[in-house]
Amino acid sequence: MSEENEGNSGKQVIARAAAVLRALENQTGGLSLAQIAKGADLPRTTVHRIVAALEAQQLVSSGAGGVKLGPAIARLAASAHTDVVAVLRPYAEALGRRTRETVDVCVYRGLHAVSVDQYCSDHELRVVSAVGTAYPIHCTAHGKALLARMPEDALARLFGERLEARTDQTITALAQLLPHLEQVRAQGYAVDMEEHAPGVCGIGVALNTGTSERYALSLGVPALRFHAQREQLLSALLQCKAEVEAVLGAPGGA
């Protein structure tokens with residue numbers, strides 16, 4: 001076999017293995033070989049060979065419930081998570097210095113967006129929470145930016161019909177949240193108008209990081225300053241998003 005043919009064959013193997021792993025993404029209950037074959041658009045015999053090879057490297061695991069992503073994936077994801085936060089930090093700091101407002105980097109965790117890094121505003125009146133804070137995902141700017149990336153059936157599974165009210169401005173019905181998220185998708189950013197806490201507003205975007213983790217970047221701003229500065233804050237936030245995604249080599253998107 002020529003070197004060129006070997007290279008093409010290797011690329012095909014990697015592409016097929018990636019297709020199998022993507023088919024297993026978010027499938028916590030596991031999938032059968034037939035289900036993986038359908039999701040990856042591959043012959044079942046090919047899927048069987050790939051699963052066996054991936055299992056030997058702990059990238060997948062097999063059991064009574066079917067095939068799932070394995071422990072090695074979790075270790076790789078944890079490493080990628082740390083790397084993404086490290087890459088984001090100087091851009092978050094630059095955004096904070098430019099706007100003089102608090103910048104939060106959050107990651108998706110079910111019903112919450114969890115803060116993994118923060119740059120604090122230097123204003124005397126500012127919005128600050130501890131890193132590690134779990135924000136309700138349906139009434140915060142970063143949370144709604146993350147939700148807007150999810151299909152409607154996934155949102156229906158995540159929430160009941162009623163959503164927790166945090167303030168008088170919180171959207172408390174799924175039927176009202178869904179069209180709101182359509183607007184977020186269309187405009188490419190989400191806004192929190194005192195929906196999470198009285199006197200606190202926010203503006204946030206979801207980030208394309210090229211990893212399986214879902215990250216969002218947001219500005220937390222006292223309502224007293226937010227309305228007058230909204231357009232400047234949005235412009236700075238969108239510029240930061242573009243810079244981060246260019247560095248991470250991730251495809252753009254709203």
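Leaving aside neighbours within four places in sequence, Ser218 is in contact (heavy atoms within 4.5 Å) with Thr102, Val103, Asp104, His142, Ile203, Gly204 and Leu237. Ser218 lies in strand β8. Its relative accessible area is 2%, so Ser218 is buried (under 20% relative accessible area, 1.4 Å probe, protein chains only).

This is a predicted model, where local features need pLDDT of at least 70, side-chain atom pairs count only at pLDDT 80 or more, and totals for chains, interfaces and linings use all residues. Residues are numbered from 1 along each chain as its sequence is written, and side-chain values use heavy atoms, without hydrogens and water.

Two cores are listed here. A nonpolar core is a set of buried Ala, Val, Leu, Ile, Met, Phe, Trp, Tyr and Cys residues joined through side-chain atoms within 4.5 Å.

| Core | Residues | Members include |
|---|---|---|
| Largest | 27 residues | Leu95, Ile203, Tyr215, Leu217, Leu219, Phe226, Leu237 |
| Second, separate | 19 residues | Ala17, Ala40, Leu54, Val60 |

Helix α8 gives the largest share, eight residues. Beyond four places in sequence, Ile203 is in contact with residues including Ala141, Tyr189, Leu217, Ser218, Phe226 and Leu234.

Arg214 lies over the face of Tyr108, at 4.6 Å from the ring centre (CZ of Arg or NZ of Lys within 6 Å of the centre and within 35 degrees of the ring normal).

Notes. Buried means under 20% relative accessible area, exposed over 50%, partly exposed in between (1.4 Å probe, protein chains only). Helices (H or I, at least four residues) and strands (E, at least two) are DSSP runs, numbered from the N terminus.
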